[in-house]
Amino acid sequence: MTAKRFVHFFTDNFGSCMFKMYARATRVFCTSFPLFAVFAALAVALDVIAEITGSRSGVLVASLMVFGFVSLFSHRLLLSGQKAAVADVFKRQPVGPLAGAQKPFMLRLVGLWLVGFLAWAFFAWLLYGIVPGPKRTLPMVVMMLGILPAGLLVYVVLALFGTALPAAAALQDARFSTALQRGKQSFWTTLLLLLTGNGLFTLASFAGVILLGNSLWEDAPRAVTLLLDFLVQLAGLFSIHLTATALCMAYEAAEPQAAAEAVG
């Protein structure tokens with residue numbers, strides 16, 4: 001692809017897709033905001049429990065379950081275009097856009113999480129032998145630096161295989177081999193949407209927390225810090241929602257008929 005063609009693609013095609021992604025993600029997020037707010041509050045509550053009990057491992061598993069359900073429900077809300085009530089989450093058999101088997105989606109999501117964890121562990125190990133610094137603080141430094149190349153690799157994997165998630169959410173053909181065929185059709189567009197969606201928003205949120213953290217968190221009353229934690233968790237959920245939006249757009253482009261038959 002020549003520089004001129006790339007500029008044309010970015011300004012005419014991708015720019016439009018990015019705008020549609022943010023507009024659609026924001027619309028669906030706001031429409032079902034009480035649902036996302038409940039999950040954000042639950043994530044804050046889990047952090048408080050971990051702080052009080054000192055038990056990080058059990059709370060980590062519970063937090064991952066929260067993020068997993070947010071991802072599943074985001075996909076189903078995006079594909080169905082419907083609004084979900086908070087009460088639907090706590091029903092034994094959810095109805096409306098949240099209805100349907102959850103296991104196919106969760107298994108694929110855990111598989112993709114495992115790829116991300118292994119990539120992060122590999123790059124952290126690789127950087128440990130390269131990055132200079134005191135051995136006491138070096139592990140924390142390399143773990144943070146390892147997120148960058150691991151994140152890029154995860155975006156590539158999602159651009160190729162990620163449509164298995166919306167397919168599983170819609171209870172359609174969610175095989176990774178089929179997802180790879182879909183991924184090849186829109187690889188660059190999906191990759192750029194993931195980078196400018198989840199990637200860019202996550203970096204902006206993280207930068208905001210770093211810049212405001214010392215002045216707001218340290219000396220603020222407990223109620224204020226909990227509110228700030230809630231807003232941070234809400235921003236994290238929107239990052240997950242942006243990823244779901246990018247993958248749903250790729251899935252709908254490749255499988256318009258199957259996407260139209262999405263649950264709900």
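Which residues form one aromatic cluster?

Tutor: The model before us is a predicted one. In this model, one aromatic cluster is formed by F29, F33, F36, F201 and F238. The structure as a whole holds eleven aromatic pairs.

Two of these pairs can be described in detail. A pair of aromatic rings is described by the distance of the centres and the angle of the planes. For F122 and F123, the ring centres are 5.4 Å apart and the planes stand at 70 degrees; an angle over 60 counts as edge-to-face, so this pair is edge-to-face. F187 and W188 also form an edge-to-face pair, with 5.0 Å from centre to centre and 75 degrees between the planes. F187 counts as buried because its relative accessibility is 16%, whereas W188 is exposed, with a relative accessible area of 58%.

Of its 264 residues, 40% are buried. Among contacts between residues at least 6 apart in sequence, 76% join residues at least 24 apart. The accessible surface of the chain comes to about 14300 Å², and carbon and sulfur atoms account for 71% of that surface.

Charged side chains also pair with one another, and the structure holds three salt bridges. In one of them, R24 is joined to E252, with the closest N and O atoms 2.7 Å apart. This pair links distant parts of the chain, since R24 lies in helix 1 (residues 3-31) and E252 in helix 10 (residues 222-254), 228 residues apart. R24 counts as buried at 15% relative accessibility, while E252 is partly exposed at 22%.

Another salt bridge joins E255 and R182, whose closest N and O atoms are 3.7 Å apart. Here too distant parts of the chain are linked: E255 is in the loop between helix 10 and helix 11 (256-260), R182 is in helix 8, and 73 residues separate them. R182 counts as buried, with a relative accessibility of 3%, whereas E255 is partly exposed at 27%.

The remaining salt bridge is formed by R175 and D173, with 2.9 Å between the closest N and O atoms. D173 is partly exposed, at 33% relative accessible area.

Notes
Residues are numbered from 1 along each chain as its sequence is written. This is a predicted model: local features need pLDDT of at least 70, side-chain atom pairs count only at pLDDT 80 or more; totals for chains, interfaces and linings use all residues. Side-chain values use heavy atoms; hydrogens and water are left out. Buried means under 20% relative accessible area, exposed over 50%, partly exposed in between (1.4 Å probe, protein chains only). Contact means heavy atoms within 4.5 Å. Accessible areas come from the Shrake-Rupley method with a 1.4 Å probe; for residues, only the protein chains shown count as cover. Rings of Phe, Tyr and Trp (its six-membered ring) pair if their centres lie within 6.5 Å; planes under 30 degrees apart count as stacked, over 60 as edge-to-face and the rest as tilted. A salt bridge is a side-chain nitrogen of Lys or Arg within 4 Å of a carboxyl oxygen of Asp or Glu. Helices (H or I, at least four residues) and strands (E, at least two) are DSSP runs, numbered from the N terminus.
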